[in-house]
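Here is a short briefing on one protein model. Look at the sequence and the structure first, then read the points below.

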Amino acid sequence: DDLLEAEYGVSEVHFEIPDPLTTETVNGSEFGFSSESEDNSFALKAAALYLAENPGTLLVIEKNTYRLSAEVVFSGIKDCIIDWSGSTIILSQPIKQFKFDGCENVKFCNVTEKWDWEVNRIRSVIKVKSISPNPQRGYGYYDAEFEFVNETDASFAVNNLWYGWIGIEPGTYYQIPGTPLDLSSQNKRVFDKKLVGGNIVSATIFLDEGYPCDAGDFFYVSHYGYAGTFTTVTGASKGIVFEDMNVYGYSGNGFIIDDRSHHVRFTRVTIDVDPERYDLGQRISTNTDAIHIKDSCGYFIIEGTTIGYSGDDCLNIHQNVGVVQDLGDDSIIMNISNTSSFHVGETVKFRNGSTFENIDFTATIVKREVRGRLFYLTLDREIPDDIDIGAVVIDASRDDSKLIVRDSYFHNCYARGLLLGSSDCVVENNRFYEIDQEAIRVCVDITT
């Protein structure tokens with residue numbers, strides 16, 4: 001619609017991200033892949049080195065079950081396909097498992113990832129057996145005993161974090177809206193954990209006034225926060241395709257795309273609960289965001305994809321912007337929210353803080369100092385008078401915009417379905433079910 005486009009900026013976004021074209025084939029067995037090995041990371045690392053030296057290669061890993069325990073970096077790979085042939089990979093370590101760094105036109109496909117809950121629990125279902133005030137410690141402190149449901153031995157819980165409690169309905173494991181408790185052994189709200197015996201653990205907890213926690217209540221308790229990432233796309237990688245994949249559990253984020261990477265496609269990717277774990281109450285896919293995009297250069301496609309039971313947003317895409325808090329002749333103090341951009345040598349442009357209209361001025365950053373969420377930037381030229389406190393600053397060297405989300409299903413996540421903080425997004429023919437917060441949230445990705 002030309003009128004809509006003229007008034008609002010964009011009405012349609014069209015682009016494609018094709019598969020790589022390969023010219024030779026190698027088999028995974030040549031690099032030592034074995035279902036008997038306790039760690040196939042070394043075989044995959046050897047294969048990654050071969051791919052980096054041989055652009056245009058199709059790596060076919062024979063269908064089997066493989067364990068991996070160490071991070072694998074694909075660096076500088078070009079025009080390659082990594083085809084797992086329907087294999088299952090077993091993971092259990094809270095690390096950055098796969099990293100695509102400086103890669104171009106790479107497809108990673110036909111694989112199911114499963115988390116080994118017997119080695120490392122991502123979360124537990126607990127029942128409050130008893131709870132009573134602890135007068136010796138004072139107001140807000142309680143002594144309690146907890147049953148770890150579907151466990152016979154809860155000794156693992158003594159040393160694990162108890163992080164991010166969520167109230168659930170007994171038996172069904174459905175989340176009760178509005179019942180997250182900010183209890184964490186990280187911030188000393190849960191401490192003195194002791195194994196009473198079997199699946200019973202005692203602990204002292206601190207509750208703010210009004211937090212519901214009574215005998216008979218059930219909660220999900222996470223044992224990790226932001227612990228690792230299943231796959232990271234970084235270092236200005238481009239043309240990366242994830243296709244026909246299942247991700248069944250990870251301790252941190254599912255996918256992170258950052259550092260100037262662009263043109264990434266997800267086709268028929270499922271990030272959801274392991275079907276074998278569903279009835280055990282272990283209903284978590286990624287412990288935090290399923291897909292998180294920041295500091296990129298845009299152009300993303302998510303199609304035919306299912307994301308469910310993510311511990312945070314299904315998709316969270318940011319934009320590289322900030323807000324002017326103070327300024328001098330050639331310097332600004334800027335508040336940022338979700339970006340680590342604005343590096344020396346990069347170009348910035350500005351929009352009016354009230355109308356968001358473009359201001360006809362660009363400059364190059366010559367000096368940067370970071371203090372928390374405040375960026376102190378020195379520019380290569382004097383700042384004009386029409387830029388004032390409250391103006392929006394944009395890193396013109398990185399642009400997260402251009403996103404297509406279509407024909408996909410988002411369900412039962414513990415935050416937002418789609419958190420869209422960037423520009424030029426098309427969202428069409430998708431389904432949303434039981435999203436804890438907004439199914440779709442569109443916002444300017446800044447904090448004032």
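Is Asp-380 buried, partly exposed or exposed? Asp-380 is partly exposed, because its relative accessible area is 37%. Buried means under 20% relative accessible area, exposed means over 50%, and partly exposed lies in between (1.4 Å probe, protein chains only). This is a predicted model: local features need pLDDT of at least 70, side-chain atom pairs count only at pLDDT 80 or more, and totals for chains, interfaces and linings use all residues. Residues are numbered from 1 along each chain as its sequence is written, and side-chain values use heavy atoms, with hydrogens and water left out.

**The loop between S27 and S28**
- Asp-380 sits in the loop between S27 and S28. Helices (H or I, at least four residues) and strands (E, at least two) are DSSP runs, numbered from the N terminus.
- Leaving aside neighbours within four places in sequence, Asp-380 is in contact with Ala-363, Thr-364 and Val-366. Contact means heavy atoms within 4.5 Å.
- The C-alpha atoms of Asp-380 and Glu-145 are separated by 62 Å. These two residues are 235 apart along the chain.
- Asp-385 is also placed between strand S27 (374–379) and strand S28 (392–395), in the loop. Asp-385 has a relative accessible area of 79%, so it is exposed.

**Surface patches**
- Asp-385 belongs to a negative surface patch, together with Asp-329, Asp-330, Asp-360, Glu-382, Asp-386 and Asp-388.
- Val-427, Ile-440 and Val-442 make a nonpolar surface patch of about 240 Å². Val-442 is part of strand S34 (residues 440–442) and is exposed at 65% relative accessibility.
- Patch residues have over 30% relative accessible area and no salt bridge; like charges are joined within 9 Å, nonpolar side chains (Val, Leu, Ile, Met, Phe, Trp, Tyr) within 5 Å.
- Areas come from the Shrake-Rupley method with a 1.4 Å probe; for residues, only the protein chains shown count as cover.
- A salt bridge is a side-chain nitrogen of Lys or Arg within 4 Å of a carboxyl oxygen of Asp or Glu.
- Asp and Glu count as negative, with the charge placed at CG of Asp or CD of Glu.

**Positive phi**
- Arg-260 is not a glycine, yet has a positive phi of about 70°. Arg-260 lies in the loop between strand S17 (253–257) and strand S18 (262–271).
- His-263, not a glycine either, has a positive phi of about 55°. His-263 is in strand S18.

**A buried threonine**
- Thr-232, in strand S15 (residues 229–234), is buried at 8% relative accessibility.
- Beyond neighbours within four places in sequence, Thr-232 contacts Phe-98, Lys-99, Phe-100, Ile-256 and Asp-258.
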